[in-house]
Amino acid sequence: MLEPQAGTPPVRETPKWTGILTHRDPQGRFAVRFATDWAWFEIDRPWNLEDARCEGVGAAPNPEDPATVLEMWVAPLGFAVRADDFGDLRESVEASLEALDGCQVLGTEDIVIDNLVKFVRVYTFREGDVTRKRQQWLIYAHTWLFSLTWQGSTVEEYEHWYAMANQTFHTLDMPQELMFATDRDFADAYEGADAAESGEARDN
């Protein structure tokens, strides 16, 4: 904390990088970089498919403020996403935001590249008496949902740490094999391989 002049409020120091640590998903589904001095934790939660897990990593710049947090996780969808699923997926994303108390969407971007569908949302919402702020990427790729979220416990905390958190968004790396799986020219071949392994193919 910088020393304020008399009669002025305290001025916080700008967050600075002291090191970078790369987290690589044990199953090779993604890699992402975080600041080394943030408080790291593993994410392993039940998902909405039977016996499925939501898996990833999170990091908080201040362990005493766990609601200011950066999270990256991946979960199975149970089907292979196609570009024409965009409308249904968008409705699901919007419904999840509408379910948040006092949600105000500040920025949106929708991207469809072959069979990869990406939603970018920046929004605020109420949790108790506090207004929180988030930036969120939701990426539907082949049979997976990837979620990367930066949340500030308050709007002020969001903005204070944003520059560091935003660097993590730009370091997200997904494997080349997954990118091939989202290519429309390869989609039928990938779905055929999945069907042979699982015995369950999605209806065309």
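How many bridges join β5 to β9, and in which direction do the two strands run relative to each other? Eight bridges join them, and the strands run antiparallel.

1. Basis of the model. This is a predicted model, in which local features need pLDDT of at least 70, side-chain atom pairs count only at pLDDT 80 or more, and totals for chains, interfaces and linings use all residues. Residues are numbered from 1 along each chain as its sequence is written, and side-chain values use heavy atoms, with hydrogens and water left out.

2. Confidence. The mean pLDDT (the predictor's confidence in each residue, from 0 to 100) is 89 for the chain, and 86% of the residues score at least 70. Within the chain, β8 has the highest confidence, at 98, while helix α4 (residues 184–198) has the lowest, at a mean of 60. Helices (H or I, at least four residues) and strands (E, at least two) are DSSP runs, numbered from the N terminus.

3. The sheet. Seven strands make up an open sheet with antiparallel pairing, in the order β3-β4-β5-β9-β8-β7-β6. β3 and β6 are the edge strands, each pairing on one side only. Two strands pair if DSSP finds at least two bridges between them. On average, neighbouring strands of this sheet are turned by 15° against each other, direction ignored. Axes are lines fitted to C-alpha atoms, for helices over the stretch in contact, and angles run from 0 to 180 degrees between N-to-C directions.

4. Strand β5. Eight of the eight residues of β5 (residues 69–76) are buried, so the strand is largely enclosed by the rest of the structure. Buried means under 20% relative accessible area, exposed over 50%, and partly exposed in between (1.4 Å probe, protein chains only). In a regular strand the side chains alternate between the two faces of the sheet. For β5 both faces are covered: V69, E71, W73 and A75 are buried on one side, and L70, M72, V74 and P76 on the other.

5. Neighbours of β5. Towards β9, V69 stands opposite Q151, and V74 stands opposite F146. Towards β4, the strands are antiparallel and joined by five bridges, with G58 opposite E71.

6. The β3–β4 hairpin. Strand β3 (residues 39–46) and β4 run antiparallel and are joined by eight bridges; P46 stands opposite R53 in β4. Six residues lie between the strands of this hairpin, and D51 takes a positive phi near 65° there. R53 also forms a salt bridge with D44, at 2.8 Å from N to O. Both partners are partly exposed, R53 with a relative accessible area of 34% and D44 with 47%.

7. Helices on the sheet. Helix α1 (residues 86–98) lies across β6, β7 and β8 and runs at about 15° to β7. Helix α2 (residues 155–169) packs on the sheet and touches β5, β7, β8 and β9, its direction making about 140° with that of β9. Contact means heavy atoms within 4.5 Å.

8. Salt bridges. There are 10 salt bridges in the structure, each defined as a side-chain nitrogen of Lys or Arg within 4 Å of a carboxyl oxygen of Asp or Glu. In the pair R29 and E55, the closest N and O atoms are 2.8 Å apart. R29 lies in the loop between β1 (20–24) and β2 (31–35) and E55 in β4 (residues 53–60), so the pair ties together parts that are 26 residues apart in sequence. R29 is buried at 8% relative accessibility, whereas E55 is partly exposed at 23%. R132 and E127 meet at 2.6 Å, N to O; R132 is buried, with a relative accessible area of 12%, and E127 is partly exposed, with 39%. A network of salt bridges links R90, E94, D110 and R121.

9. D114 sits in the loop between β6 (104–113) and β7 (116–127) and is partly exposed at 32% relative accessibility. H142 sits in the loop between β8 (130–141) and β9 (144–152) and is buried at 9%.
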